[in-house]
Structure formats: C-alpha cells, structure tokens
Amino acid sequence: MGAGWEWDETLFSGTAAFYRRGRLPYAPGLADVLARVLDLDGRGRLIDLGCGPGTVALSLAGLFGEVVGVDPDAEMLAEAASEAARRKVTGKVRWVRARAEELPAGLGDFTVATLAESFHWMDRERVAATVRGMLRTDGALVHVSDLKGESRTTDGLPHPPVPHAAIDALVRRYLGPVRRAGRGLLPRGTAAGEAAVLAGAGFAGPYRHVVPGGQAMVRTEDDVVAGVFSMSFSAPHLFGARLALFEADLRRVLREVAPSGRFSVRQPGTEVFVWPRGAD
C-alpha cells in the first residue's frame, strides 16, 4: 500500500448495509467459468479473503463442500451470514473475523483461494506467501475483478447514465481532493502490480479468463446512493455531522440528471486470473 498509509478498522465502517445493493454484481457465468477451468465438482474447500458481505463466497458455494469467508469487518460478516441464511447454505459456509495477515489461523488447507478486489488493502507479499502455503498441491488462487479498460456505452438504453463525474466532484467538495481511506489518505491511490507479487510468492501462471457482461440494467436513485456509501473513499463515517447534508446534495445531483429516479447501466464484464499453486 502507499507510503505513510496503514490499514485501520474504519476502512469500510458503515458500508456493509449498502454493499450488496450498491455494488454492481460480477458478470453472470462467473461460477460456470470457474467450475470449468478448475474442474470443481462440489467437493473441496474455498477460502475467500476480504470476503465482505459474501459476494463471491456465496456465489461459488455450490462448487465446494465447504466455504470459509475471512474479513476483519464485523458488519460485513453479519451481512454475509444473513445472506447465507436467505440462500439456505448456512451449513456449508463459515465466517471468520480476521485480517488476511493473521492467517493461517488454524483453518486448514484449501482447494481454491479467492481475492476479489481486496488484495490491494493487504500486506500483499506476506499474504501471498501464507495463502500459497494453505493451498493443496493442486490448488489455485483466483483473482477476480471487473474487466479493466472495458468501454460500456449506455447508448439506446431507456434511462440516463449514472453521473459518475458529478458524484466524484461532490465527494471531493465534502471530503477534499485527496482520496480518503479509513483514518488516512491515499494520494497515489491503491497499489498495483499484483502479478509481480504473486509470481514472486511462487505461484504459476496466470491464466486469464473473461466472463462477458454487457447486459442492460436499471439502477434506481437509492441504488446509486447505496453505491456511493459502499465505497471506502465515501464511507458514511467520513462525512461526520455533514452526512445528511451530503446525501441531500447527492440526491439533488441525481434528480437533475434523472427526474424519474432511474438510470441505465450495462453489466460490467469480469476478469479472472487463475494462479496455480506451483511446485515448491
């Protein structure tokens, strides 16, 4: 992570209640692609690092005999447990409150480990080495993210696009020009170079797979507001006593663009990098 920034427990404070509604889902077919390329058969064990409200862990639960989600945020894990109960998979999932740096934590070995846009918040070299040691000899780490560099037009869709530039400008007006992250700042954004870190830890590959998106979706005003409050850099606690005022201004911006309260977006594609454990 950037020089001078240290993780703290407020990073995603207050975001869990907004996460599932606010974040766009990964592309349909993600589970099918992973089942095919990893030859998953409903057995084996999955560990999802930085699992949040269980977005990836629960979408893949049918491919494994046991799923373990690890996250340091208690509110995220409570949301994950609630969704697991709703999906009736409580008996095969386990939620562990811990940072990835605290592993292996006696959790045993795993067939697959997943990281879904959470690796940049971790001590990556340390976590990569530890997770590799927790994988079975034929296991793999899977890095999941939205497809980078993808152009997603909303031309021809029935509602206006979400005004991301105006939302970003409003957040900066309230919170300042430098990206917030918990109690600290990220003047240069989050860390990149995951491939070098994982290769350095001894993983083989990677093997890249793209799950196509592009499906038209409708987002309500409440969905967009939830999306803003689901982000670490615009988490509710960062606004302090001005939270209600910010939300009122945010809704005003949205209504100026879409008086109907509806926006059109396209489902993002999903990019998957599979990193086999590799030989010792």
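Between which two helices does the loop that holds Ser 234 lie? The loop joins α8 (221–229) to α9 (243–257); helices here are DSSP runs (H or I) of at least four residues and strands (E) of at least two, numbered from the N terminus. This is a predicted model, in which local features need pLDDT of at least 70 and side-chain atom pairs count only at pLDDT 80 or more, while totals for chains, interfaces and linings use all residues. Residues are numbered from 1 along each chain as its sequence is written, and side-chain values use heavy atoms, with hydrogens and water left out.

**View 1. Surroundings of Ser 234.** Ser 234 has 1% relative accessibility and therefore counts as buried (under 20% relative accessible area, 1.4 Å probe, protein chains only). Leaving aside neighbours within four places in sequence, Ser 234 is in contact (heavy atoms within 4.5 Å) with Val 171, Leu 175, Val 228, Phe 229 and Phe 239. A polar atom of the Ser 234 side chain lies 2.5 Å from the backbone oxygen of Val 228.

**View 2. Residues where α8 meets α9.** From α8, Val 228 and Phe 229 are among the residues that meet α9, whose contributors include Leu 243, Phe 246 and Leu 250.

**View 3. The largest nonpolar core.** This core (buried Ala, Val, Leu, Ile, Met, Phe, Trp, Tyr and Cys residues joined through side-chain atoms within 4.5 Å) has 27 residues. Leu 30, Leu 60, Phe 64, Val 67, Val 142 and Val 272 have the most contacts inside it. The largest share, 4 residues, comes from α2. Apart from this core lies another of 25 residues, including Phe 110 and Met 134.

Definitions and conventions
Buried means under 20% relative accessible area, exposed over 50%, partly exposed in between (1.4 Å probe, protein chains only). A polar contact is a pair of N or O atoms within 3.5 Å; within protein, one must be able to donate a hydrogen and the other to accept it, and residues adjacent in sequence count only if both atoms are side-chain atoms.
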